[in-house]
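Here is a friendly briefing to read alongside the model.

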Amino acid sequence: MLEINDLHVSVEDKQILNGINLTVNPGEVHAIMGPNGSGKSTLSNVLAGRSGYDTTTGRIQYQQQDLFELSPEERAHQGIFLAFQYPVEIPGVNNIYLLKAAVNAKRKANDEQEVDAYEFLELAKDKIKKLGIDKSFLYRDVNAGFSGGEKKRNEILQMMLLEPTLGILDETDSGLDIDALKIVAGGVNQLRNKDRSFILITHYQRLLDYIKPDFVHVLANGKIIKSGDYSLALELEKTGYGWIEKMEKVSQ
Amino acid sequence: MNENKQLDKLLQQDYEHGFITDIESDTIPPGLSEAVVREISKRKNEPEFMLEWRLKAFRHWQTMIEPKWAHVHYPPIDFQEISYFSAPKNASDGPQSLDEIDPELLKTYEKLGIPLREQEMLAGVAVDAVFDSVSVATTFKSKLKEMGIIFCSFSEALQEHPALVQKYLGTVVPYTDNFYASLNAAVFSDGSFCYIPEGVRCPMELSTYFRINAMSTGQFERTLIIAEPGSYVSYLEGCTAPMRDENQLHAAVVELIAFDNAQIKYSTVQNWYPGDKEGKGGIYNFVTKRGACRGVNSKISWTQVETGSAITWKYPSVILEGDNSIGEFYSVALTNNYQQADTGTKMIHLGKNTKSTIISKGISAGFAENAYRGLVRIAKSAENARNYTQCDSLLMGDTCGAHTFPYIETKNPTAQVEHEATTSKISEEQLFYLQQRGIETDDAVSMVVNGFCKQVMKQLPMEFAVEAQKLLGISLEGSVG
């Protein structure tokens, strides 16, 4: 589904990603872990199509297409969803209005029938029930005055409604208490199936106790330096990221 | 994303070439003199008092100089170049069908969801006398008449109800008020007149839209609305669709009068031609709008959504004379390209316990300049007066400007006056967030802007609000990205 080859990315002439290679097959969950500043968020932003990132070399294939040919909206229509690390506030815009607009934009782009207000309300109510969040969520302004945890839950609610093909969670777990973490993980687990893939970007192993990844990758200095299964996450938890720096020094 | 620019271009072409420039026999040649004022009054077969009033206004106007204090720039206007009277156009002069109208203009109508018949009317297509809204208008009129409501053109009111006109005309905006109001008083062509009798609640939104003969009232329009004690009226002015218009200078006057316990809600959506991308050829909209809350517990609300005109210069105001009276001003002013807007309000508190609320939302894109200018005056007599003012500006890009000029004068120590102001930029983060959710750039801009304007939009009557929301989106298409 997703194939990243030798991806080099710079931001304002500063090289951030130094040759990422990653293949994600349908149904797989990949965790990308790494210390701060290793390029984790850059990778998620590049996948979602945010401007300001220069791809110097490398390519990304998504569902047999060149990802760079697609605008951010088109990527969204084709099933890429990014749960933001810092969801932005949009005052005066009702949450349910945005949710419906997003769902219908995707449906329209895929020549599917748009849902009407009534249908959508039923759909949304079902999802918030599954996530165990309050109905008032739907009628508040998008993220405005939301607590950190509420913002993250709102991201997961959007993901549940948009049913992505590739869900990218950018440090969705950071700053969450254990209850919120369970809600986030529950959302991902409910969506997990053989066709849907996830990339979980995280600093901590904690999230992976609730969402068992198929693969764990360690990102450092813009490169994947080690890949493995869930046990790698446990190892990282024990040893921390200190050994990476040592390894880097050795390789230099 | 370039669609808007193309649209602008084509729209402008339409405005350039679509206009009828032939001088017709029933148009008074350009120029302004006492003879012209007399001629206008004569052609309209006006009562004597009206001519007297016009002449006084004209003589006063001659002693005045054009004001320059607004934060707007435009070349000098030659008042001798303007033709001050033009009889309604003959149907055969205009385009004969929508096929003759610029397809891009039609696209805009389409986007706004305007029915075909109305498109014809807006585009100035000659339509048969037997036409849906004529019958609608007739039905409306008979219903209103039953209730004693008078809703007609100003000319008609002068013929049918001269005593009412004479009693109230100029009592809120006197002919000496300001340069453009004096000019209007001297040469106004037509407008609307509305009278709601005591205790009557007008059952429908009154709109010039349903007054067929309002279509070509020209550049100097005059509106007078009187709400007798205990009455209520909601009045809609303007239209979301871009209208063909041949006059560059528009100097209208609107007077509202509310007696004891009466309420007037006046909503405007203004979408006149804003000029091309360089700001050439757009309409100058220099308007005087003022309401007087004469009675106790009376209330006047102005709601405006201003997206059109090259220059908008207007301050819908309320004079709060009656005790406990309420004045409200809700405004969205959107300027793009080289548009300029200097708009706001005046709330003059005279009575006790009078309250006013001002919510102003200014949006600037392109090279536009947008200014809020407001005055809150609490007179010595206004015990316990309250005002709340909120002015928010939203900037798109870094070549536009937003300015706020709030004036507060308080002569009574019991007054409470609050003022809040914010300026923000539409953020790349907000747009990217929405795009990532699959929403196209233009829709994302529209969503953020409509969110920003929500407080004002919700004051508009429902259908008007829906159209106005679409309008904000269309006006900003292509301004980001």
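Are B:Lys314 and B:Glu306 buried or exposed? Both B:Lys314 and B:Glu306 are buried, where buried means under 20% relative accessible area, exposed means over 50%, and partly exposed is in between (1.4 Å probe, protein chains only). This is a predicted model, in which local features need pLDDT of at least 70 and side-chain atom pairs count only at pLDDT 80 or more, while totals for chains, interfaces and linings use all residues. Residues are numbered from 1 along each chain as its sequence is written, chains are lettered from A and ligands numbered from 1 in the order in which they are written, and side-chain values use heavy atoms, with hydrogens and water left out.

**Confidence**

- Chain A has an average pLDDT of 90, and 96% of its residues score at least 70; pLDDT is the predictor's confidence in each residue, from 0 to 100.
- Helices (H or I, at least four residues) and strands (E, at least two) are DSSP runs, numbered from the N terminus.

**Salt bridges**

- Over all chains, the structure holds 24 salt bridges, each defined as a side-chain nitrogen of Lys or Arg within 4 Å of a carboxyl oxygen of Asp or Glu.
- B:Arg54 forms a salt bridge with B:Glu46, with 2.7 Å between the closest N and O atoms, and both B:Arg54 and B:Glu46 are buried.
- In chain A, the side chains of A:Lys194 and A:Asp195 meet in a salt bridge at 3.5 Å, N to O. A:Lys194 counts as exposed because its relative accessibility is 66%, whereas A:Asp195, at 46%, counts as partly exposed.
- A network of salt bridges links B:Glu34, B:Arg38 and B:Arg59.

**Where chain A meets chain B**

- On the chain A side, 33 residues are in contact with 18 residues of chain B; contact means heavy atoms within 4.5 Å.
- The size of an interface is often given as the accessible area lost when the parts come together.
- Between chain A and chain B, the buried area is about 2,100 Å², of which carbon and sulfur atoms give 61%; this is the accessible area (1.4 Å probe) that two parts lose on being put together, summed over both.
- In chain A, the residues that lose the most area to chain B are A:Arg50, A:Glu73 and A:Val88, together 26% of what that side buries.
- Three salt bridges are counted between chain A and chain B. The side chains of A:Glu155 and B:Arg437 meet in a salt bridge at 2.6 Å, N to O.
- Twelve residue pairs are in polar contact between chain A and chain B, both residues being at pLDDT 80 or more. A polar contact is a pair of N or O atoms within 3.5 Å; within protein, one must be able to donate a hydrogen and the other to accept it, and residues adjacent in sequence count only if both atoms are side-chain atoms.
- Elements of chain A that each supply at least two residues of the side touching chain B include helix H1 (40-48), helix H3 (95-109) and helix H5 (148-162).
- By class, that side of chain A has 20 nonpolar, eight polar and five charged residues. Ala, Val, Leu, Ile, Met, Phe, Trp, Tyr, Cys and Pro count as nonpolar, Asp, Glu, Lys and Arg as charged, and the others, Gly among them, as polar.

**Buried polar side chains**

- A:His217 is in strand S11 (residues 215-220) of chain A and counts as buried because its relative accessibility is 6%. The side chain of A:His217 makes a polar contact with that of A:His30 at 2.8 Å.
- B:Ser155 belongs to helix H7 (residues 154-160) of chain B and, at 18% relative accessibility, counts as buried. Its side chain makes a polar contact with the side chain of B:Lys44 at 2.9 Å.

**Backbone points in chain B**

- Helix H10 (residues 428-436) of chain B is mostly covered, with seven of its nine residues buried. Just after this helix, B:Gly438 takes a positive phi of about 95°.
- B:Asn297 has a positive phi of about 55° although it is not a glycine, and B:Asn297 lies in the loop between strand S9 (284-293) and strand S10 (299-306).
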